[in-house]
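Please look over the sequence and the coordinates before reading on.

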Amino acid sequence: MSFREKSAWVMAAVLLAVGAFYVKLVAVDGVPPQAAAIPFVLFSVVLSVVAQIVLAIASPKEAASPADERERLVIDKAGHFSSYVLAVGVLTGLGHFMLSADGGRMFHIVLTCLILSQLAEYGAQIFLLRRSV
Amino acid sequence: MGKRPPITNRVRELREAHDTMSQAALGEAVGVTRQTIIAIEQGRYSPSLETAFRIARLFGVGLEDVFGWEGE
């Protein structure tokens with residue numbers, strides 16, 4: 001498994017864990033969006049940095065190498081795909097806000113779709129890296 | 001699965017003819033990862049023109065001795 005694929009798996013796992021934490025805060029504990037977003041962002045950043053450091057220690061040479069031509073193509077295609085997921089989420093959130101004027105729910109929809117779009121990006125990277133491009 | 005590129009190659013054959021050079025060593029020599037060399041050898045990825053030239057020059061042959069066009 002290439003370093004990029006390992007990185008995509010690890011980042012997807014981190015995002016899944018932090019996303020589940022955010023959903024628990026909002027849906028189970030009833031925490032308002034503003035309060036739930038701060039720990040979500042903090043945990044996302046800290047866990048992502050820790051995960052990347054661990055990966056870099058495990059494969060220092062690969063971590064120091066820039067993405068090659070095939071990996072850059074994969075990253076571009078996966079980013080393009082995930083942009084559609086994010087766009088659908090943003091439009092859904094805006095549409096919901098127009099009908100309900102509920103800013104809190106719009107925040108949840110947009111943030112949830114941001115998480116889903118990142119998961120879609122990592123998933124697409126893994127798929128394309130295995131398939132080649 | 002995506003459509004395979006219509007380009008054939010003799011990378012594996014040339015690599016084995018050069019003291020069985022490893023995929024990782026070839027990748028390092030031409031600036032791509034081992035996984036990209038594997039994908040090229042399996043015909044799942046067509047390298048850029050620059051990488052194609054680098055591979056051909058490394059083996060001391062012409063571009064068309066390494067890569068060929070398949071089909072129409």
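This is a predicted model: local features need pLDDT of at least 70, side-chain atom pairs count only at pLDDT 80 or more; totals for chains, interfaces and linings use all residues.

Residues are numbered from 1 along each chain as its sequence is written, and chains are lettered from A and ligands numbered from 1 in the order in which they are written. The confidence of the predictor in each residue is expressed as pLDDT, from 0 to 100. Chain A has a mean pLDDT of 91, with 98% of its residues at 70 or more. Among the elements of this chain, the mean is lowest in α3(A), at 84, and highest in α4(A), at 94.

Helices (H or I, at least four residues) and strands (E, at least two) are DSSP runs, numbered from the N terminus. Of its 133 residues, 29% are buried; a residue is buried if 20 or more other C-beta atoms, placed from the backbone, lie within 10 Å of its own, exposed if 12 or fewer do, and partly exposed in between.

The helix α1(A) has 26 residues and reaches 36 Å from its first C-alpha to its last, close to the 38 Å expected at 1.5 Å a residue; the expected span is 1.5 Å times one less than the number of residues. Its buried residues, including Met11(A), Leu15(A), Val18(A) and Tyr22(A), pack against α2, α3, α4 and α5 of chain A. Just after this helix, Gly30(A) takes a positive phi of about 70°.

A nonpolar core is a set of buried Ala, Val, Leu, Ile, Met, Phe, Trp, Tyr and Cys residues joined through C-beta atoms within 7 Å. The largest one has 19 residues, and Met11(A), Leu15(A), Val18(A), Tyr22(A) and Leu128(A) have the most contacts inside it. At least two of its residues come from each of α1, α2, α4 and α5 of chain A, and the largest share, eight residues, from α5(A). A second, separate core of 10 residues includes Val11(B), Leu26(B), Val32(B) and Ile40(B).

Within helix α4 of chain A, which covers residues 69-100, lies Gly89(A). Why is Gly89(A) classed as partly exposed? It is so classed because 19 other C-beta atoms lie within 10 Å. The C-alpha atoms of Gly89(A) and Leu111(A), 22 residues apart along the chain, are separated by 8.5 Å.

Two residues are in contact if their C-beta atoms, placed from the backbone, lie within 7 Å. Eight residues of chain A are in contact with 12 residues of chain B. The helix α4(A) gives the most to the side of chain A that touches chain B, with three residues.

Chain B has five helices and two strands, arranged as β-α-α-α-α-α-β along the sequence. Its C-alpha trace spans about 35 × 25 × 20 Å along the principal axes. Of the 72 residues in chain B, 22% are buried.
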